Amino acid sequence: MVTERYKQNAQHIQEDLLWLEKIITLRFEIHHGKKSENTTLPSAPKFKGESFYKEITSKFKFTAAERVVLLLALIPHIKPYFLDDVWIRISAPGKIEGDKLQKVGTMPSVDLALFLLAGDDLEKRFYYRKIFDQESFMRTAGILIMENESADTPFLQQPIRITPDYLHLLTDGKDYKPDFSISFPAKRITTNRSMEDLILNSRTLEQVKEIKSWITHGKTLLDDWGLGDKLAPGYKILFYGPPGTGKTFTAALIGRDTGLDVYRVDLSMVVSKYIGETEKNLSKIFDIANNRDWILFFDEADALFGKRTELRDAHDRYANQEVSFLLQKVEEHNGVVILSSNLRANIDEAFMRRFQNTIYFPMPSVEERLRIWQQGFSVKSKLDKSISLEHFSDKYELSGGAIMNVIRYASLKALEQQKYTIQLKDMVNGIAREFSKEGRTI
Ligand SMILES: Nc1ncnc2c1ncn2[C@@H]1O[C@H](COP(=O)(O)OP(=O)(O)OP(=O)(O)O)[C@@H](O)[C@H]1O
Ligand SMILES: [Mg+2]
């Protein structure tokens, strides 16, 4: 069923497309000398009623030229043959429009936009080209994405692309939550647990809370307090420490606590052996995340900066460039970015300085281990009398992740026996398994 909200929205977009068709027709007439160069383009329609399309175009106070660009960016997604149809109507009036063979689904390019807005007038073309500049509002607000200027295709031939974000907002009125894909190798991570479940020493916990403070007050600091000109954009955090100490868990908790979506980027899918590809993949991620209230979480960042300091062969050299590129992108990004790493040795001062907050996640102390043990079991299970968690925490140095693995193992063993009681031998076996992963014996 077509709901009213879609109907009204479609109506407004349709009105704008009709207006665009008039502009195209007029531009062709001018181009072929049928109308004077000075003919003014028809003015943009004023919408009656409310729609998300109207809301967004008026919120940003789109100029007529920007509205033309927006429509061109939308066309491939809403009416891919629109330009072909208009072209047929203009060049061969009376011809049957349904003739699919002639339609190619023309991709609107920067050049087409400039032609419609400025014809052949170079001065005007330069003026309108600004709409596509990196600093233009359509780029900074995250409405348009353009290829890198350094790409092989000359700028004018580049397609005008709308971000998936605004495509959703303009057609659905909804926020876009991307799925994992080749162009967005990131997954949203969530947790049902709460900050109280995070067991950390007070210093580490304090630093984690600073992130929350930034997320809550950062905008006020940059805008109202005017520090935006003096401080780097966004907030960059480095998590480092041994495996299983709660880095990924903390990232998910911060998201839950602040209501922001956390996207965990799979760096193994980003890193490519082909030269230049890794950079391209990273650019796509940052483009999509631009201006979104997301937390970008680069987990296992070691996949990229494992080789940062050593320079051996040509391939290593590229690995280094890729790291510099990632760091540069991270630095420019205006949101919250967290990088997570296990490698302490590879992290030097110069590297640390790029982050506003570097948080070390140490192995838990005896007391912390005890708390992780105590809160880890299901409320449905109970421990055999012979089990002393104090003893386990005291005797076995395990990370929180390893403790959870033992709990999972011993709980499954109990379930297999159709029992609710956790057995001592399963606990000991579970610990032995965790130790053997690290080449340790119990
Ligand atoms: N400090 C902690 N407090 C409470 N639970 C913890 C803590 N550390 C780890 N855990 C538990 O262990 C699980 C695994 O930890 P997590 O995946 O966050 O470790 P990590 O530091 O990201 O490890 P890696 O470096 O291998 O990615 C968590 O989901 C959580 O249940
Ligand atoms: Mg992790």
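This is a predicted model: local features need pLDDT of at least 70, side-chain atom pairs count only at pLDDT 80 or more; totals for chains, interfaces and linings use all residues.
Local features need pLDDT of at least 70 and side-chain atom pairs count only at pLDDT 80 or more, whereas totals for chains, interfaces and linings use all residues. Residues are numbered from 1 along each chain as its sequence is written, ligands are numbered from 1 in the order in which they are written, and side-chain values use heavy atoms, with hydrogens and water left out.

The axes of helix 1 (residues 4–31) and helix 3 (residues 64–78) come within 10 Å and cross at roughly 110 degrees, which means that helix 1 is roughly perpendicular to helix 3 (a term for angles of 65 to 115 degrees). In this contact, defined by heavy atoms within 4.5 Å, residues of helix 1 including Trp19 and Leu20 meet residues of helix 3, among them Leu71 and Ile75. The residues of the contact divide into eleven nonpolar, no polar and two charged.

Around ligand 1 there are 18 residues, of which Ile199, Gly244, Lys247, Thr248 and Phe249 come nearest, a residue being near if one of its heavy atoms lies within 4 Å. Oxygen atoms of ligand 1 lie 2.9 Å from a polar side-chain atom of arginine 193, 3.1 Å from a polar backbone atom of threonine 245 and 2.8 Å from a backbone N or O atom of phenylalanine 249. Taken alone, ligand 1 exposes 630 Å², and the protein buries 81% of that. The shell around ligand 1 divides into seven nonpolar, seven polar and four charged residues.

Technical notes
Axes are lines fitted to C-alpha atoms, for helices over the stretch in contact, and angles run from 0 to 180 degrees between N-to-C directions. Helices (H or I, at least four residues) and strands (E, at least two) are DSSP runs, numbered from the N terminus. Angles under 35 degrees count as roughly parallel, over 145 as roughly antiparallel, 65 to 115 as roughly perpendicular and the rest as oblique. Ala, Val, Leu, Ile, Met, Phe, Trp, Tyr, Cys and Pro count as nonpolar, Asp, Glu, Lys and Arg as charged, and the others, Gly among them, as polar. A polar contact is a pair of N or O atoms within 3.5 Å; within protein, one must be able to donate a hydrogen and the other to accept it, and residues adjacent in sequence count only if both atoms are side-chain atoms. Accessible areas come from the Shrake-Rupley method with a 1.4 Å probe; for residues, only the protein chains shown count as cover.
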